[in-house]
Amino acid sequence: MLVAQTEKGLISLAQRFSLEQLKLWKKEKQFYCPSCQSPVQLKVGTKKIPHFAHLKKTCVAQHEGETDYHLDGKRKLFHWFSSHLEVELESYLPDIMQRPDLLVDTPSQKYAIEFQCASLSSSALTKRSIHYEKGNYIPLWIMGAKRMKRLSTYMYQLSFQEWQFLTLSDYTPTLLYFSPSTNQLLKLEHLIPFSSQICYAQLVVLSPHEHTFHDLFSTHTQPQFFSSWIKKKKAWRTHYILYPNQKLQPFLHALYENNIPPSLPYSSRSRHAATFFIHG
Ligand SMILES: [Zn+2]
């Protein structure tokens, strides 16, 4: 974590301090976790970003392991959003016993932001989201960009977990990723699933120099991928019946009994059903 309690108040490592200064503090100061009040250690090395770590692993506020990637990401997101909005880093919310990476206060809404780089179970995600909503915070999940799997210009592979991080921008489904190494936010707009793991989307890159927090919630593109989505769907429709698995058998049987060709889209089925067996 980047924030710790001292006798004189909170210290945030979001600001950069010299190595000498940090080493001096390490010798002289006592640091405590702002959530559970237990002692924490200031870790200063040459490889990893300076941070605080619990001496014991237990803490009332659950948070993911502090990789450098995660620390760097939340620090950069903090600097970006705090350039134009009120933002708190690792603020502990005692009522709901949560410590989101960032709390962003806009004139109309309050957001609890998690920079999610590690896996998170569905139950933990649901629990945290419910807690944030109870506290009148809108939960917003920004994933580590390492998780993004781009298959082609408009095609992406999504795990079951990534689907759970969907958010809305201009009422269309969106996913947010942040790359600490490039300091860019990658936004997948207009998500349209092809299957449970493959989806089509439009990629937009947002950066601190050109965009604000509000740009996360507005769409920046028009979908360009409908023709390739239709092409892929058509290829699937004409091929899946060649190798039907057991799950598909009852479905295909029902289509057969109703004279419906399985390769036709739903809207065409009724039109073609009557003529299918005449024309093949
Ligand atoms: Zn703690």
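Let's start with the aromatic rings: in this predicted model, the count comes to 14 aromatic pairs. One of them is worth a look on your screens. The rings of Tyr111 and Phe217 have their centres 5.1 Å apart, with their planes at 25°. Planes under 30 degrees apart count as stacked, so this pair is stacked.

Where do Tyr111 and Phe217 lie? Tyr111 is in strand β8, residues 110–116, while Phe217 is in the loop between β15 (198–206) and α5 (226–239). The pair therefore ties together parts that are 106 residues apart in sequence. Tyr111 is also buried, with a relative accessible area of 10%.

Ring pairs link Tyr111 and Phe217 into a cluster with Tyr69, Trp80, Phe81, Phe115, Phe178 and Phe213.

While we are on strand β8, please find Gln116, which has its place in that strand. Is Gln116 buried or exposed? Its relative accessibility is 1%, so Gln116 counts as buried. If you then look for Lys146, 30 residues away along the chain, you will find that the C-alpha atoms of Gln116 and Lys146 are separated by 11 Å.

For reference, the ideal angle for four tetrahedral donors is 109.5 degrees.

Cys33 counts as buried because its relative accessibility is 0%, whereas Cys36, at 24%, counts as partly exposed.

My last stop is the second largest pocket, with a volume of about 200 Å³. Its lining is made up of 14 residues, and those nearest the centre are Ile138, Pro139, Trp141, Leu166 and Thr167. Which elements give two or more residues to this lining? They are α3 (122–134), β9 (138–144) and β12 (167–169). Strand β9 provides the largest share, four residues.

Sorted by class, the lining of this pocket has 10 nonpolar residues, three polar and one charged.

Conventions: Residues are numbered from 1 along each chain as its sequence is written. This is a predicted model: local features need pLDDT of at least 70, side-chain atom pairs count only at pLDDT 80 or more; totals for chains, interfaces and linings use all residues. Side-chain values use heavy atoms; hydrogens and water are left out. Buried means under 20% relative accessible area, exposed over 50%, partly exposed in between (1.4 Å probe, protein chains only). On a 1 Å grid over the protein atoms alone, a cavity is a set of points where a 1.4 Å probe fits but cannot get out, and a pocket is an open set with protein on both sides within 12 Å along at least five of seven lines; lining residues have an atom within 4 Å of a point. Grid points are joined across faces, edges and corners, and a volume is the space filled by probe spheres set on the points. Ala, Val, Leu, Ile, Met, Phe, Trp, Tyr, Cys and Pro count as nonpolar, Asp, Glu, Lys and Arg as charged, and the others, Gly among them, as polar. Rings of Phe, Tyr and Trp (its six-membered ring) pair if their centres lie within 6.5 Å; planes under 30 degrees apart count as stacked, over 60 as edge-to-face and the rest as tilted.
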